[in-house]
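This report describes a protein model, with attention to its charged pairs and its surface.

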Amino acid sequence: FLFDESTGELLLQQRASSKITLPNVWTNTCSSHPLHGMDPPEVDGPEEVKNGTTPGVKNAAIRKLDHELGIPAGQGPAEKVKFFTRLPFLGGGTGNHREK
């Protein structure tokens, strides 16, 4: 999620009409989608998730902000990225492309 520090407002984005899953749906700012084999690493171990440090998820979120919204990695300080929780994707969209 991306918040405006001055107002506390949450930035939402509308998914493209061309998306296979959930086209035109208003959704969170962007998701982290950590990937294996990235540099810097994006996958956290159980202890990092348990204690909330999650450097991998933060690295993934910074990468995805650039990919989805064009916000370059250096524009916002990484220490402001906060881990809230994991949210499993359960949406079926068309029913043909469900993530597992």
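## Salt bridges and surface

Lys64 and Glu68 join their side chains in a salt bridge, with 3.6 Å from N to O. Both residues belong to helix α2 and sit four residues apart, about one turn of the helix. Lys64 is buried, at a relative accessible area of 9%, while Glu68 is partly exposed at 29%.

The model is predicted, with an average pLDDT of 83 for the protein and 88% of the residues scoring at least 70.

The count of salt bridges comes to three. They are listed here.

| Pair | N to O distance |
|---|---|
| Lys64 and Glu68 | 3.6 Å |
| Arg63 and Glu42 | 2.6 Å |
| Lys80 and Glu5 | 2.5 Å |

Lys80 lies in the segment after α2 and Glu5 in the loop between β1 and β2, so this pair ties together parts 75 residues apart in sequence. Lys80 is partly exposed, at 46%, and Glu5 is exposed, at 66% relative accessibility.

Arg63 bonds as a salt bridge with Glu42. Arg63 is in helix α2 and Glu42 in the loop between β4 and α1, so the pair links parts 21 residues apart in sequence. Glu42 is buried at 4%, whereas Arg63 is partly exposed at 25%.

Helix α2 has 15 residues and should span 21 Å; its end C-alpha atoms are 21 Å apart, which agrees. Its buried residues include Val57, Ile62 and Leu65. Just after α2, Gly70 has a positive phi of about 75°.

Phe84 is placed in the segment after α2 and is exposed, with a relative accessible area of 56%.

Definitions and conventions
Residues are numbered from 1 along each chain as its sequence is written. This is a predicted model: local features need pLDDT of at least 70, side-chain atom pairs count only at pLDDT 80 or more; totals for chains, interfaces and linings use all residues. Side-chain values use heavy atoms; hydrogens and water are left out. pLDDT is the predictor's confidence in each residue, from 0 to 100. Helices (H or I, at least four residues) and strands (E, at least two) are DSSP runs, numbered from the N terminus. Buried means under 20% relative accessible area, exposed over 50%, partly exposed in between (1.4 Å probe, protein chains only). The expected span of a helix is 1.5 Å times one less than its number of residues. A salt bridge is a side-chain nitrogen of Lys or Arg within 4 Å of a carboxyl oxygen of Asp or Glu.
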